[in-house]
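Subject: Structure handover

Hi,

Here is the structure I promised to pass on. Please open it alongside this email.

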Amino acid sequence: MKFAVIVFPGSNCDIDLYEALHTVCHADVQYVSHKEKTLAGFDAVMIPGGFSYGDYLRCGAIARFANIMPAIIEFANAGKPVFGTCNGFQILTEAGLLPGALKQNNSLKFVCKTVALEVNNKTMFTAKYQDHEIINLPIAHADGSYYADEEVLNELEENNQIAFRYAKENPNGSLHNIAGITNERGNVLGMMPHPERAVEALLGNEDGLRLFKSILLGSQVTGEMR
Amino acid sequence: MSTEMTPQEIKEQKPYLDWGLTQKEYEYISEKLLGRLPNYTETGLFSVMWSEHCSYKKSKPALRLFPNKNERVLQGPGEGAGIVDIGDNQAVVFKAESHNHPSAVEPYEGAATGVGGILRDIFSMGARPIASLDSLHFGEINQARTKYLINEVVAGIGGYGNCMGIPTVAGETTFDECYTGNPLVNAMSVGLMDQKDMQKGRAVGVGNAVMYVGAKTGRDGIHGATFASADFADDRETQRSAVQVGDPFMEKLLMEACLELTSAHAEWLVGIQDMGAAGIVSSSCEMASKAKSGMELTLDYVPQRESNMSAYEIMLSESQERMLLCVRKGHEEDVKAIFKDYDLEAVVIGRVTEGHRYLLKHQGKIVTDIPVSSLTDDVLEEPSEQKIPQHIIDAENSSNWKPQIDNPTEVLNRILQQATIASKESFTQTYDSQVRTSTVVGPGSDAGVIRVRGTKKALAMTTDGNGRFVYLNPEIGGKIAVIEACANIISSGGLPLAMTDCLNYGDPNDPEVYWELYQSVKGMTAACNVFNTPVISGNVSLYNENNGKAIFPTPMVGMVGLIKNVAYTIPSFVQAEGDIIYLIGETKADYSGSELQKMLTGNISGSLNDVDLIEISNNMQKLLSAMQQGYVASCHDLSEGGLAVALAETTFKTDLGLSVKMALNSAELFSETPGRFVVTVSPDKKESFEKVMEGNIKEIGQVTKTPQLKMKLSDNEIEVAVEEMQQLWEEAIPCLMKSKD
């Protein structure tokens, strides 16, 4: 299984995703520039955190016009796994691959800390977790307050699209305590927490590792994952 | 420009006095260096290059005391940053810089561009920045203005560092009235490199290109260096235009492009330097001066974001996110292509020339024609007068304050809520401390620790400055600053390698201020020599005054240490029930300048006891050896608030408590004798640990399962729930920041 880590100008967690996959998971992974137009040969797309184009406009609003985006949309529409963390989540909502939007944290401040999350394991990205398992993952964002209208929120709940919820405290004001969602088909996941920062005991947390293992597992099984 | 004064008018109207040049300097330049009157542009160049910020003309005699070499130092002061060998053909690169004056005027941009500037210094050496630190000193949190400064400075540091993707992993924040109008904002950056990628800021080789890369030049920050070298009056609001505005996204692109150039195409590059203070002029003439070259620049080629900029404005602008390269002739297009890939401009603005002239052309005219060295090497060094401040003489002739403590529990609870001691999490939580996934220990510990990927090594790093001690006795205070930094590195299991500094003082023309500067550098030097921590880079910030009153003399020490095996990184908090607690180092009656004194008397006073550097160094070496052999479970150094605060802090955020019994009395519990540590050791390592330490330790108790802090003292007892103390400690600053004044 070959992973593409997309690099936008201003991406800065690209190395973190790369290292988590390459060094920790021993997966086949390659950086792909925002200037590319094709994702041929890749089996999964990973969109990193950071400040694409400085995030001087709405976070992710410029990245969605990058050269690579049509290829990512096509990739997602083909049912292949697309994962976005933090700025990656913001880009996925801006690109319309995920519903809703990420607003400024209700504290109006950037927040970097570890938070508790409740996992829904019925997605291809979370299969290796127990259902309703409480895990801890770092967050690091200023604009992570998930918002969608009532109708969309109901759909997310009904279709079981909410992959992660803030379990103890809601650090940013997200509706329904949403920390991460999939699309309806289940092959696109966006989440504000950073699983790639939690894959090594040396750094104090391995709770994110199973997310990457789940994606790798997904490539080995056939059939509908969700 | 036609509106510029002629050389004769300059002589008569003396605008240079406002730009920071003295009459004596102007005359020396005209009569001795040039043999003619300098024109408008030239006068501007001299005024910034001869400012303290660029020339160190005042502080040089003191700076010469510092050791700057040892067996590990690859690059000492004089370049963008210092470089130290860490084995495996790798090196660590670091430097600190102050942005005090800009932060006082426009705190968000002042702090942000402080971070941006120090990061450029690191990647100009060919190193990738891996961590940022800060050292912040504000007035008491009791005025709306101070709260505003704190909020904006913290937001600026986070805003720039978070966007750049460099984790902010350690630092310090203290509060004292003397910093009210003149906060200290010192930023430090640490980078990692392969030794083969080392770069220097030099322009050598006749015909090689001088290339400008990065953001366009605007009118921002003109005379920033001069501004940093003058004291504040209450008209600081009118100085706003001297503060630069940061664009971290631009800098991220610039960093990636420069690192691609230095790591993959070093053969195209002759030299590289950040355009920091005094912009194009300082970077270009320093690069020429270091290589003993001449240089010719055509200013019309400088990318400009405003129209009709004069030569004076182009040369003195401090627009951010710009670098100057010296590129081997014939590779100009190759370099342009790299920067183009990041959508950045790279423009040839001149060439290295024969001889030693610094020639600037603008709109078809020669606007500057002077020897390079006149800007960089010929600065008039003026001997400064020194005088012992009266308060120090008075203190030596009177007895020191001694505390009387009847209720140590109450004192402990109160001292944990003092802003300088209380948890800084509400600030550090707004910094991304984990990006690049190498942060082994983040904010809130004695030192930040970053692992070096692909090796077993890690780097420990800290910033420390305690103006109170330096104010009471600059020489001893200088020693203590270095001891404290070493102690923080040792506590995390690192061997102190070298240090950088920001020397923050008042107006050096005041003989008492100059005496403080000289004496404290003397004290720091003595400690550096004992600890083998040379000073490899640094920065001087003078004129830190507000309406004539100087700040506490506050040298900030930034230190980096090497942890040989990251598995032996030592946490600062207790690990397991039953672990034995030891106190390392003698506790003396050290209350002058202590947090206890400030809290109980509202002020600091008295004289300091000298420190035994050799004894402290011996203890540190033994402790490090015990750590490297795996005998130490946790270690925390004692600083503000003494043993009482250190013990309390070791239990915070754990489920554990501790029970100790000591011959010390309630007052001694809060004494701040430097160079002490609290260490916990698992019972099965007890014997081995004690053997390594050779009796220089006191066993004082053990870690308990009950989350309570129990201390039996010679005159009293403390028994309090950890949770209760932790809550006071955590909530103090958020509460102060919210309170209305």
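Predicted model: local features only at pLDDT ≥ 70, side-chain atom pairs only at ≥ 80, totals over all residues.

**Interface**

Start where the two chains meet. On chain B, 27 residues are in contact with chain A, and on chain A 26 residues take part. The size of an interface is often given as the accessible area lost when the parts come together. Here the two chains bury about 2200 Å² between them. Carbon and sulfur atoms account for 56% of that area.

What about charges? The rule finds 4 salt bridges across the interface of chain B and chain A. One salt bridge joins the side chains of Asp432(B) and Arg197(A), at 2.8 Å from N to O.

Which elements of chain B give two or more residues to the side that touches chain A? They are helix H9 (144-164), helix H11 (248-264), helix H14 (332-341) and strand E14 (439-441) of chain B. By type, the residues on that side of chain B split into 9 nonpolar, 10 polar and 8 charged.

**Chain A sheet**

Next, chain A. Look for an open sheet of 9 strands with mixed pairing. Its order is E2-E1-E3-E4-E11-E10-E9-E6-E7 (chain A). Strand E2 (28-33) and strand E7 (134-141) of chain A each have a single partner strand, so one side of each is left without a neighbour in the sheet. From one strand to the next, the twist averages 25 degrees.

Two helices are worth a look here. Helix H2 (residues 69-77) of chain A lies across strands E1 (2-7), E3 (44-47), E4 (82-85) and E11 (188-191) of chain A. H2(A) runs at about 130 degrees to E3(A). Helix H4 (residues 150-158) of chain A lies across strands E9 (162-166) and E10 (178-182) of chain A. The angle of H4(A) to E10(A) is about 70 degrees.

**Chain B sheet**

Chain B has an open sheet of 7 strands, again with mixed pairing. The order reads E8-E10-E7-E11-E9-E12-E13 (chain B). Strand E8 (269-274) and strand E13 (365-371) of chain B are the edge strands, and each pairs on one side only. Neighbouring strands are turned by 20 degrees against each other on average, direction ignored.

Inside this sheet, strand E9 (residues 294-298) and strand E12 (residues 357-362) of chain B pair in the parallel sense over 4 bridges. Met295(B) has Tyr358(B) in E12(B) as its bridge partner.

Best wishes

Note on methods. Residues numbered from 1 in each chain as written. Chains lettered and ligands numbered in written order. Heavy atoms only, no water. Contact = heavy atoms within 4.5 Å. Buried area = accessible area lost by both parts, 1.4 Å probe. Nonpolar A, V, L, I, M, F, W, Y, C, P; charged D, E, K, R; others polar. Pairing = 2+ DSSP bridges. Axes fitted to C-alpha atoms, helices over the stretch in contact; angles between N-to-C directions.
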